Amino acid sequence: MKIGFIGLGNMGAPMAANLVAAGHRVTGYDTAAPAPEGVIPAASAAEAAKGAEVVITMLPNGAILKAVAAEIIPAMEQGAVLLDCSTVDVASAREVAALAAAAGLGALDAPVSGGVGGAAAGTLTFMVGGDAADFATARPLFDMMGQKAVHCGPSGNGQAAKICNNMILGVTMIATCEAFALADKLGLDRQAMFDVVSTSSGQSWSMNTYCPAPGIGPKSPADNEYKPGFAADLMLKDLRLSQEAAEGADADTPMGALAATLYARFVEDEDGRGRDFSAMLPRFEKRGRK
Ligand code: NAD
């Protein structure tokens, strides 16, 4: 397949590399990051999109996605599919899908879960919104870049699934970090804490797979001085998306709202910017009740 790939950052570069390894011809563009080995560099987003059967975008946010979409949609061939894997707001995803449809193109919103490790290993989960026919076109690519793709319904539903998932993730990471800090103060050994919780009813991905305590559990950013991984800034972005969505849909999400407040404080007023989102643990270690 001829594929255009726009946004070759922490996630996009290994995803594009996996498509090259599977034998696809991938032309890539990024305003800053270099093209990984085997990806043909393009001089612009439109050049990367020209002639491609599928154009994948992996960009930081909805505003950037909309700007890139406005540039590439006129350059894309009729019938080609615009496959956006970024995490963006539901409204932007639906806007881009409508623009693509008006130009005779397919469009899918297909944000991912699994982080940079999953992107490199080709084990991402894709949550996908859009038409079943476009989902079928993209299916072989999902199978190469990931281990699971769930068709969640019409355009925007992939992003809806993603922000609900990440709202749970933000809340469980905070709960796991504050529980470790409490355990420390109660004199409970961290390994014992992990051994109990990871096999008891307090378990979660945050504890079992991405343990925020260095030296405990599987290897995670905590073992690499909290270098991201998944940056606290991006978690804040996703929590804000969940709260905007909750506001628009009149949904009561008090835990999500509190997680957004704590990550905003961590990123904007404390030392969280540029650190992994699990660096909430050293934050709680330093704190008392007030
Ligand atoms: P990143 O910042 O490493 O990569 C984004 C890339 O987009 C950068 O290389 C940047 O130069 C490029 N870019 C920005 N504007 C551009 C433009 N106009 N044209 C072309 N390229 C442009 O971020 P990332 O970690 O790769 O995340 C990408 C998306 O995936 C985000 O929406 C994020 O929320 C989501 N995501 C990230 C993770 C993770 O663990 N990092 C996990 C799941 C989802």
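Two residues are in contact when their C-beta atoms, placed from the backbone, lie within 7 Å. The points below use this definition throughout.

1. Basis of the note. This is a predicted model, in which local features need pLDDT of at least 70 and side-chain atom pairs count only at pLDDT 80 or more, while totals for chains, interfaces and linings use all residues. Residues are numbered from 1 along each chain as its sequence is written.

2. Glycine 9. Not counting residues up to four places away in sequence, glycine 9 touches Asp30, Ala33 and Met58. Glycine 9 lies in the loop between S1 and helix H1 (12-21); helices (H or I, at least four residues) and strands (E, at least two) are DSSP runs, numbered from the N terminus. Glycine 9 counts as partly exposed because it has 14 C-beta neighbours inside 10 Å. By the rule applied here, a residue is buried if 20 or more other C-beta atoms lie within 10 Å of its own, exposed if 12 or fewer, and partly exposed in between, with C-beta atoms placed from the backbone.

3. Which residues of helix H3 (residues 62-72) are buried? They are Gly62, Leu65, Val68, Ala69 and Ile72. Seen down the axis of H3, these buried residues fall within an arc of 125°, so they line one face of the helix; the arc is that of the directions from the helix axis to the C-beta atoms. An α-helix has 3.6 residues a turn, so residues three or four places apart point the same way. On the other side of H3, Ala63, Ala67 and Ala70 are exposed. The cover over the buried residues of H3 includes strand S1 (2-6), helix H2 (45-49), strand S4 (54-57), strand S5 (81-84) and helix H4 (90-102).

4. Packing of H3 with H4. The two helices pack at an angle of about 5°, with their axes 10 Å apart. Axes are lines fitted to C-alpha atoms, for helices over the stretch in contact, and angles run from 0 to 180 degrees between N-to-C directions. H3 and H4 are therefore roughly parallel to each other, a term for angles under 35 degrees, whereas those over 145 count as roughly antiparallel, 65 to 115 as roughly perpendicular and the rest as oblique. Gly62, Leu65, Lys66 and Ala69 in H3 meet Ser92, Glu95, Val96 and Leu99 in H4.

5. The nonpolar core. A nonpolar core is a set of buried Ala, Val, Leu, Ile, Met, Phe, Trp, Tyr and Cys residues joined through C-beta atoms within 7 Å. The largest such core has 98 residues, of which Ala16, Val54, Val55, Leu83 and Tyr263 touch the most other members. Helix H7 (residues 157-185) supplies the largest share of this core, eleven residues. Leaving aside neighbours within four places in sequence, valine 54 is in contact with Met1, Ile3, Ala80, Val81, Leu83, Thr137, Ala138 and Leu141.

6. Leucine 169. This residue is found in helix H7. Leucine 169 is buried, with 21 other C-beta atoms within 10 Å. Beyond its neighbours within four places in sequence, leucine 169 is in contact with Trp205 and Ser206.

7. Backbone points to inspect. Most residues other than glycine have a negative phi, and most peptide bonds are trans. Glutamate 225, in the loop between H9 and H10, has a positive phi of about 55° although it is not a glycine. Aspartate 250 has a positive phi near 55°. The peptide bond from proline 228 to glycine 229 is cis, with omega near 20°.
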